[in-house]
Amino acid sequence: MAKNSIRVRYAPSPTGHLHIGNARTAIFNYLFARHNKGKFIIRIEDTDTKRNIADGERSQLENLKWLGLDWDEGPDVGGDYGPYRQSERRDIYTPLIQQLLDEGKAYESYRTEDELTADREAQKARKEMPHYEYEYAGMNEEEKQAAIDAAKAKGLKPVIRFRVPKDEVFEWDDMVKGHVAFNSDTIGGDFVIAKRDGMPTYNFAVVVDDHKMAISHVFRGDDHVANTPKQLMIYQAFGWEAPKFGHMSLIISKDTGKKLSKRDESVLQFIEQYRDLGYLPEAMFNFILLLGWSPVGEDEIFNRKQFIKMYDETRLSSSPATFDSDKLEWLNNRYVKDADDSTIMDLALKQLIKAGNIPANPDNMKLEWARQLINLYKRQMSYMAQINDMASVFFEEPEQVSGEAFDEINNETAPVVLKEFAAQIEKLDLFDSVEIFHVIKAVQAKTGIKGRQLWMPIRIAVTHEMHGPELPESIELVGRETALEHIHQTLAQLEG
């Protein structure tokens, strides 16, 4: 197929927010299109009106853009193959459904939900796989019409079922899984292609849309494999050529080894959650791409342009991809370290404001203080929301020194260091990190105490922590008054 005829799509349903797995589908399609100079299309599959949520479409598109994706056609940009919402394509589906009815490849089904449930229970009792049992079995045309007339007289509305060919193999060469084949007798019987309200079901609408939009390749999750033979049947019924399919591996949880489930609340699974925590979109894009795809060589960190250039669908893995939140944090930390200070300042400041640690409209003095604070913790943060916990000493009055920290300074030299340090910083004209560093060195010279016995009492007394960023910078941000107050409190403990 010529490169300029490559057209792929990502087709989200506005029934929820953008999930990690769906974001991966979008990214793989996007990279395939961009690498091959093809077209990337967004199509909204919104026919399940009962499950659609308010702002579902907006949320999907907004989070895709946040990840750095752009598209050539879609509901917000238009294109030659629209409409790009299934709810607006009913006039396209209806005559095609009628065509299948006229050709005897589909039929009206009046089986009620109660009857279908009873059928499934009976099948279960017989230890059979649940399947649709043809409701007109053994009837001639007159008897069939009489059954239909009786159902209509009761006011029942039909679904439209597709007549599945008997004992026929439907197969394809999957771009990820290799050769896949299904016997038509194993898919559960004649399936619904139009609901009682006339709206098409997924398996019908997706075929029509992909054909009418000239989609050449379909990359989607492994959970769609069972849908593919049904879709191939519809392609066959219309005499249309099917696109090439690639079904990407499952994503499993590192902790459970099971498929990543939206119901598993122990793992954050929605892009919006990571945005809210202050992750960087470039890191998320990089991490998601590595869930089932690997570049050549050992390196894993590249920018989007590099990924587009190197992308190769043959490197998609058929083995399950492991979602490792620790690796995501490590990867995001790498991006944080390399990011420009203004980006980190903006994201971390939002987290400080959200937590109430900085006023919503800080003055210039407070902004400068926040800038210094954020810069102090930049290299340690895996995501921006961590700033509130890491820097809690600057916002919360610490409890008394205890445990290992108290044991560290419960000696003869700690009070000597603290008294001298307090006396000297009290006299400073300029209270900044440079002068504070000089004071620490002066305390060392005057007392003869150095190394851990010098630095640790000061750190623990001022911050009540044994570890943290650069000590002089930390003390500057705590402020002279608070630092002295903490030192006197600690001395009182030691001498109590």
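Mentor: Of the 496 residues of the protein chain, 48% count as buried. Here buried means under 20% relative accessible area, exposed means over 50%, and partly exposed lies in between, with a 1.4 Å probe and protein chains only. The model is predicted, so local features need pLDDT of at least 70 and side-chain atom pairs pLDDT 80 or more, while totals for chains, interfaces and linings use all residues. Residues are numbered from 1 along each chain as its sequence is written, and side-chain values use heavy atoms, with hydrogens and water left out.

Trainee: What makes the protein chain more spread out than a compact globule?

Mentor: First, the inventory: the protein chain has 20 helices and eleven strands, where helices (H or I, at least four residues) and strands (E, at least two) are DSSP runs numbered from the N terminus. Its radius of gyration is 32 Å, well over the 23 Å that the globule rule gives for 496 residues, so the chain counts as more spread out. That radius is taken over C-alpha atoms, and the rule is 2.2 Å times the number of residues to the power 0.38. Along its principal axes the C-alpha trace spans about 110 × 50 × 40 Å.

Trainee: Which share of the contacts joins residues 24 or more positions apart?

Mentor: Such pairs make up 74% of the contacts with a separation of 6 or more, contact meaning heavy atoms within 4.5 Å.

Trainee: Why is α18 called largely enclosed?

Mentor: Nine of its twelve residues are buried, so the rest of the structure largely encloses α18. Among them are Leu454, Met456, Ile458, Arg459 and Val462. The buried residues of α18 pack against α15 (403-409), α16 (413-426), α17 (433-447), α19 (471-478) and α20 (480-495).

Trainee: How do you know that the span of α18 is close to the expected one?

Mentor: Helix α18 covers residues 452-463 and reaches 16 Å from its first C-alpha to its last, close to the 16 Å expected. The expected span is 1.5 Å times one less than the number of residues.

Trainee: Is His464 buried or exposed?

Mentor: At 17% relative accessibility, His464 counts as buried. Asp167 also takes a positive phi, of about 45 degrees, without being a glycine, and is placed in the loop between β4 (159-162) and β5 (169-174). With 56% relative accessibility, Asp167 counts as exposed.

Trainee: Why is Glu420 called buried?

Mentor: Its relative accessibility is 17%, so Glu420 counts as buried. Glu420 lies in helix α16. Leaving aside neighbours within four places in sequence, Glu420 is in contact with Val443, Lys446 and Thr447.

Trainee: How far apart are Glu420 and Val169 in space?

Mentor: Glu420 and Val169 are 87 Å apart, C-alpha to C-alpha, and 251 residues apart in sequence.
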